[in-house]
Number of protein chains: 2
Amino acid sequence: MLKEAQVEKALDILSRGAFLTTGKDGKYNTMTIGWGNIGVVWGKPTFTVLVRSSRHTYGLIESSGEFTVSLPLTDMKDALNLCGSKSGRDIDKFQAADLRLQPGRTVNTPVIAGGGLHYECKVVYKQAMQPELMSDAMKKQWYPQEDYHTLYFGEITAVYSD
Amino acid sequence: MLKEAQVEKALDILSRGAFLTTGKDGKYNTMTIGWGNIGVVWGKPTFTVLVRSSRHTYGLIESSGEFTVSLPLTDMKDALNLCGSKSGRDIDKFQAADLRLQPGRTVNTPVIAGGGLHYECKVVYKQAMQPELMSDAMKKQWYPQEDYHTLYFGEITAVYSD
């Protein structure tokens, strides 16, 4: 699974922007992420994403317990910009960014069609970051609004590209 | 940094066993690990390792705040077996496994000489896993002794190979 996971390419693309999609019962949302971890934990290949408690995505991933990450292999800058600056509370980002969904293979959550390299993940452990464990510098730089991240450790159940 | 990090190769090797070295003031220890994550978090390339509270390494990494991971590019199975089955509380593993240390380039912690691919890391965030956040299956499979892991997120300050 790790060899198929194209980890090197995935992290390189991720740092320039990828789509984190989650939701359930036909109600999905996607947001742009630039952070994440790939590895092996609890004997499983894992993709770890971070979601701030203020995000619309937060309620959705808490409720669904699964997510997909779609890493663009082509230029999707406009869609990434939109999905990183608007909230799914206010608009339908798929419509606004002209993104089409495609059913997941191993999870109920869809992936972004044409979105390149897809990871499907089931959350196996999650934990909210705690401000009392952070340095003052970290709090000041990344959490001035006190909207801390929750870490979602997802078992990778499928990896494939368009 | 991520391109230099040889992530794909690193995770492939890691899943077969690597050396996690930590300590301070000339007192170091190494243990065998098979789990870990590599990625980008807080704008930095990161290597995340997990250490159980029961390990000798736990006290050392808590006190030093840094670690190195050495990923064998050659067969070091005997040394990995020893460093994964004995405790640094009882023996000097470096002597017992015939491992030589080599000074770190960016951290005070040394790396395993001839240990292949080296990551030097400074802990930027750490958090103990909480049993109440785990599924019963996870607790039963991985934590029957209740010796939970602490997650150490290390900023990668150097990557190089022998």
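1. What do the buried residues of helix 3 of chain B pack against? Their partners are strand 1, strand 2 and helix 4 (93-96) of chain B. Please keep in mind throughout that this is a predicted model. The buried residues in question are Ala79(B), Leu80(B) and Cys83(B), in a helix that runs over residues 77-85. Viewed down the axis of helix 3 of chain B, they fall within an arc of 100 degrees, so they line one face of the helix. Lys77(B), Asp78(B) and Ser85(B) are exposed on the other side of helix 3 of chain B.

2. Helix 2 of chain B (residues 56-64) is worth a look next, with Thr57(B), Leu60(B) and Ile61(B) as its buried residues.

3. Now to the core. The largest nonpolar core has 78 residues, and those with the most contacts inside it are Leu20, Val49 and Val69 of chain A together with Leu20, Val49 and Val69 of chain B. Take Val69(B) as an example: leaving aside residues up to four places away in sequence, it touches Ala18(B), Phe19(B), Leu20(B), Phe47(B), Val49(B) and Tyr119(B).

4. How are the two chains related? Chain B superposes on chain A through a rotation of 180 degrees with 0.0 Å of shift along the axis, at an RMSD of 0.0 Å. That is the relation of a two-fold axis. Of the interface residues of chain B, 100% are also interface residues in chain A, so the copies meet through the same surface.

5. The contact itself draws on 30 residues from chain B and 30 residues from chain A. On the side of chain B that touches chain A, two or more residues come from each of helix 1 (7-14), strand 3 (36-41), strand 4, strand 8 (117-128) and helix 5 (136-142) of chain B. Strand 3 of chain B gives the most, with 6 residues. By type, the residues on this side of chain B are 17 nonpolar, 9 polar and 4 charged.

6. Strand 3 deserves a point of its own. Strand 3 of chain A and strand 3 of chain B pair in the antiparallel sense, over 5 bridges. Within this pairing, Ile38(A) stands opposite Ile38(B).

7. As a rule, most residues other than glycine have a negative phi. Asp98(B), though not a glycine, has a positive phi near 60 degrees. Asp98(B) sits in the loop between helix 4 and strand 6 (101-102) of chain B, and it counts as exposed because it has 9 C-beta neighbours inside 10 Å, where the cut-off for exposed is 12 or fewer. Glu146(B) likewise has a positive phi, of about 60 degrees, without being a glycine. Its place is the loop between helix 5 and strand 9 of chain B. Glu146(B) is exposed, with 10 other C-beta atoms within 10 Å.

Key. Residues are numbered from 1 along each chain as its sequence is written. Chains are lettered from A and ligands numbered from 1 in the order in which they are written. This is a predicted model: local features need pLDDT of at least 70, side-chain atom pairs count only at pLDDT 80 or more; totals for chains, interfaces and linings use all residues. A residue is buried if 20 or more other C-beta atoms lie within 10 Å of its own, exposed if 12 or fewer, and partly exposed in between; C-beta atoms are placed from the backbone. Helices (H or I, at least four residues) and strands (E, at least two) are DSSP runs, numbered from the N terminus. Two residues are in contact if their C-beta atoms, placed from the backbone, lie within 7 Å. Ala, Val, Leu, Ile, Met, Phe, Trp, Tyr, Cys and Pro count as nonpolar, Asp, Glu, Lys and Arg as charged, and the others, Gly among them, as polar. Two strands pair if DSSP finds at least two bridges between them. Copies are superposed by least squares on the C-alpha atoms of residues with pLDDT of at least 70 in both. The arc is that of the directions from the helix axis to the C-beta atoms. A nonpolar core is a set of buried Ala, Val, Leu, Ile, Met, Phe, Trp, Tyr and Cys residues joined through C-beta atoms within 7 Å.
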